[in-house]
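Subject: Structure handover

Hello,

Here is the structure we spoke about, with some notes on its strands and one of its helices. Please read the notes with the model open.

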Amino acid sequence: MPRISGESLLHVQNRLVLDVLLYDRLSMMEEHKRLKNSLTYEQRNAYENIVSAVSADAGGLFFLYGFGGTGKTFIWNTLSTFFRSNGEIILNVASSGIASLLLPRGRTGHSRFRIPIQITEDSTCNITQNSPIAELLAKTKLIIWDEAPMVHRLCFEALDKTLRDILRFSDSRCVDKPFGGKVIVLGGDFRQILPVIPRGSRQQIVNATINYSHLWSHCHLLTLTKNMQLTTGNGIKNYAEIKDFSNWLLNIGDGDLGDNIDGESMITIPDVAMINELLMSLIPGEEKTYFSLDNVLKQDNNSQIEDDEFSPEILNTFSCSGIPDHKLILKVNVLVMLLRNIDQSRGLCNGTRLLISRLGNRVVEGTVLTESNIGETVLIPRMTMSPSSHSFPVHFQRRQFPLVVSFAMSIDKSQGQSLSHVGIYLFRPVFTHGQLYVAHSRVKSKQGLKILILDDNGCVTNRTFNIVYKEVFQRLM
């Protein structure tokens with residue numbers, strides 16, 4: 001039976017608290033010793049700063065800034081094992097479902113803190129006083145939020161207001177402290193894609209980042225600069241190749257390649273290669289077609305939309321990000337990606353990749369290809385989904401399997417993933433900050449990267465645009 005400091009599992013009434021305390025403290029202690037002994041000087045400095053802040057019980061907001069390969073996830077694991085070995089509660093969240101799978105018992109920030117999807121300046125989390133989740137937050141010693149730069153600053157501000165409100169009843173001073181006096185550690189890389197603002201201007205996108213929030217003035221910046229991939233037993237030749245590739249990626253992310261004009265530059269890309277778009281048709285076997293069931297949502301009694309104004313046939317033609325198409329064609333051995341969070345404990349979240357193994361009428365069977373649950377066989381049911389976009393003239397819902405064929409994925413969907421081989425197809429230039437950097441930095445080595453770029457005439461080229469909003473770096477000094 002796992003042991004909990006100061007209380008027995010039998011006396012824990014709150015199921016949410018019970019769930020996060022179900023771990024073996026002895027194994028956590030041994031794991032923490034191993035991880036701590038492997039910390040670099042930079043990592044140890046960040047680790048000790050955070051541990052000291054929690055121990056002092058004075059609160060604090062930290063941002064761990066580092067590019068891919070510097071060991072942010074390693075620090076998250078070290079911190080998690082330390083506090084759990086002491087019987088404390090630590091909450092690990094990430095900004096995307098696929099990134100949350102890398103964290104010990106990770107969840108998305110929106111699901112953990114019940115943050116509204118449509119966020120405004122006045123938004124707060126959907127958490128009430130004396131609720132089970134309010135008790136969980138009150139008992140939490142540390143909150144880690146990875147991939148923070150890709151989330152709108154209003155999400156963090158909503159959490160800040162909620163924690164101040166929840167904790168002020170136990171200590172009136174909490175209302176004047178950022179996040180109610182809790183220690184919050186954000187992490188990520190501002191070179192990556194910033195918050196998505198539909199049809200947003202450059203200034204709107206930059207203004208939505210966490211370092212443009214009023215909370216940033218309370219933030220302590222911790223920086224990681226050492227690429228751990230360079231210290232994993234590589235020979236001198238491999239060391240030089242990895243270092244050159246890493247520096248090239250950073251120059252893309254910083255916007256330092258090419259003739260930069262206000263954040264836009266034309267750069268030369270090495271190693272152009274063809275990417276096969278016909279993989280679906282090359283997979284042997286019989287296709288199975290699934291059609292969705294679409295209907296209009298009646299949101300209020302004052303709606304002026306007639307029942308027959310948007311027939312099912314018209315709704316079937318609607319296509320948007322986040323929901324599957326009306327017509328979904330699948331085969332056995334086809335790669336697909338989940339579009340919804342189903343069961344994060346089993347690795348089934350938005351962005352998880354699966355290999356189809358069986359096609360039924362009511363469920364689809366697949367094998368997980370992503371992270372810790374790789375190789376597990378799962379069943380995917382049909383789900384009822386509604387688009388979050390307001391670009392449609394009517395609110396509607398679609399019942400369909402939450403899947404999309406994914407031999408290729410959008411750059412935005414790839415953020416947070418680490419892959420051995422990546423093929424990038426740029427049939428048109430990137431259009432916002434961080435896209436080119438994210439696309440290239442998903443791969444672990446230069447040898448695993450292949451790129452196909454087309455110019456305006458459809459001809460293969462090795463030059464493309466890079467867009468970097470350099471003003472987003474100004475507050476990181």
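Two strands pair if DSSP finds at least two bridges between them. Helices (H or I, at least four residues) and strands (E, at least two) are DSSP runs, numbered from the N terminus. This is a predicted model, in which local features need pLDDT of at least 70 and side-chain atom pairs count only at pLDDT 80 or more, while totals for chains, interfaces and linings use all residues. Residues are numbered from 1 along each chain as its sequence is written, and side-chain values use heavy atoms, with hydrogens and water left out.

Sheet S18-S19-S20. In that order, three strands form an open sheet with mixed pairing. Strands S18 (422–426) and S20 (460–461) are at the edges, each pairing on one side only. Between S19 (residues 449–454) and S20 the pairing is antiparallel, over two bridges, and Leu454 is opposite Val460 of S20.

Strands S13 and S14. Five bridges join S13 (residues 363–368) to S14 in the antiparallel sense; Val363 has Pro381 of S14 as its bridge partner.

Helix H7. In H7 (residues 132–139), the buried residues are Ile133, Ala134, Leu136 and Leu137. Viewed down the axis of H7, they fall within an arc of 160 degrees (taken from the directions from the helix axis to the C-beta atoms), so they line one face of the helix.

Regards

Definitions and conventions. Buried means under 20% relative accessible area, exposed over 50%, partly exposed in between (1.4 Å probe, protein chains only).
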